[in-house]
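Dear colleague,

Here is the structure we talked about handing over. Please open it first; my notes follow below.

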Amino acid sequence: MRNPYLPYPVRIDDIKTETEDRSLKTFKFVFIDPADEDKFAYQAGQFAELSVTGKGEIPIGIASSPVEKGFVKFTVNRAGVVTTHLHNMRVGDVMGIRGPLGNSYPWKMLQGKNVLIVGGGFAFTTLRSSIVYMLDPANRKNYGNIDVVYGARTPGMLLYLDELAEWEKRNDINMHITVDGTKDPSWKYHVGFVPPVVEEFAPKGGPDSYAIICGPPVMIKFTLPVLEKLGYGHDNIIMSLENRMKCGIGMCGRCNIGKELVCKDGPVFTLSELNRTPKEY
């Protein structure tokens with residue numbers, strides 16, 4: 001049995017600065033031992049621990065999709081010791097990845113259903129993984145209508161600009177991009193917070209429609225009533241939480257919400273499941 005604390009050694013293959021303030025970078029890793037890639041089999045929605053020798057490790061959602069082979073990607077916000085060190089690393093440097101960890105979005109349950117994706121800011125990483133997964137030619141027929149509402153503070157803070165542009169050109173996904181504000185006269189998308197854009201442009205809910213939501217707490221707080229107003233039941237609203245995760249395997253108990261451990265039982269929960277927990281998230 002493999003030691004769950006033992007990371008797979010990986011090499012940084014590419015680094016892309018995502019945002020104009022340079023606070024978010026996407027790292028593309030390749031496994032030093034190609035056989036480790038198969039062992040690191042993951043699904044969209046899961047996370048992993050990125051480890052840097054002498055600095056520590058951090059839990060980060062997996063931004064690449066299982067349908068993308070030969071590498072794994074993470075978009076990292078520069079916010080602490082480990083992430084700052086990682087931002088200063090270079091292509092070719094070696095570090096570790098431990099996982100995959102946690103559960104994923106419920107892909108089997110979502111088959112044949114309409115899916116609304118609602119994301120805000122940095123939290124769009126696992127949603128990017130999910131969109132790429134559903135749009136893959138082998139998977140697209142398994143899902144109904146796909147709508148995406150994605151917001152950021154400014155145009156310069158949006159992630160994955162090239163892919164957003166590609167998805168907009170497709171006729172099998174409806175993109176609704178918004179920013180809190182902008183002085184750019186050429187901006188052609190929405191201006192405003194995510195919740196009102198969801199209310200105006202997202203499709204109505206129903207038994208065959210599910211909403212996946214991931215973003216800042218304030219966005220989630222004001223989006224949930226909108227989803228309920230649109231007809232999405234609590235069993236049909238799926239959320240991904242971040243809650244003081246550390247070990248990633250349910251041993252340290254740091255991320256508990258009542259009896260639930262976010263790192264082990266989550267990070268993906270339905271709103272119905274969260275309704276049965278203390279309001280600590």
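Which two strands form a hairpin with three residues between them, and which residue in the turn has a positive phi? The strands are β3 and β4, and the residue is G54, with a phi of about 85°. Strands here are DSSP runs of E with at least two residues, helices are runs of H or I with at least four, and both are numbered from the N terminus.

Some ground rules. This is a predicted model, in which local features need pLDDT of at least 70 and side-chain atom pairs count only at pLDDT 80 or more, while totals for chains, interfaces and linings use all residues. Residues are numbered from 1 along each chain as its sequence is written, and side-chain values use heavy atoms, with hydrogens and water left out.

**First sheet**

Six strands make an open sheet, ordered β4-β3-β6-β1-β2-β5, with antiparallel pairing. Two strands pair if DSSP finds at least two bridges between them. β4 (56–61) and β5 stand at the edges with a single partner strand each, so one side of each has no neighbour in the sheet. From one strand to the next, the twist averages 40°. Angles run from 0 to 180 degrees between N-to-C directions, and axes are lines fitted to C-alpha atoms, for helices over the stretch in contact.

V52 has G56 as its bridge partner in β4. β1 and β2 are also paired in the antiparallel sense, over seven bridges. There, D14 is bridged to K28 of β2.

Seven strands form an open sheet of mixed pairing, in the order β10-β9-β8-β7-β11-β12-β15. Its edges are β10 (190–191) and β15 (268–270); each has a single partner strand, so one side of each is left without a neighbour in the sheet. β8 (residues 146–152) and β9 (residues 174–179) run parallel, joined by six bridges. Y150 finds its bridge partner in I177 of β9.

The cut-offs: buried is under 20% relative accessible area, exposed over 50%, partly exposed in between (1.4 Å probe, protein chains only). Leaving aside residues up to four places away in sequence, H176 touches D147, V148, V149, Y150, H190, V197 and F201. Contact means heavy atoms within 4.5 Å.

Helix α4 (residues 125–135) lies across β7 (114–120), β8 and β11 (209–214), at about 155° to β7. Of its 11 residues, 11 are buried. Among them are R128, Y133 and M134.

**Second largest pocket**

Its volume is about 180 Å³. A pocket is an open set of points on a 1 Å grid over the protein atoms alone, where a 1.4 Å probe fits, with protein on both sides within 12 Å along at least five of seven lines; lining residues have an atom within 4 Å of a point. The volume is the space filled by probe spheres set on the points, which are joined across faces, edges and corners.

The lining has 13 residues, with K16, E18, T26, K73 and Y160 nearest the centre. β1 (8–17), β2 (24–31), β5 (72–77) and α5 (161–169) each supply at least two. α5 gives the most, three. By type, the lining holds eight charged residues (Asp, Glu, Lys, Arg), three nonpolar (Ala, Val, Leu, Ile, Met, Phe, Trp, Tyr, Cys, Pro) and two polar (the others, Gly among them).

Best regards
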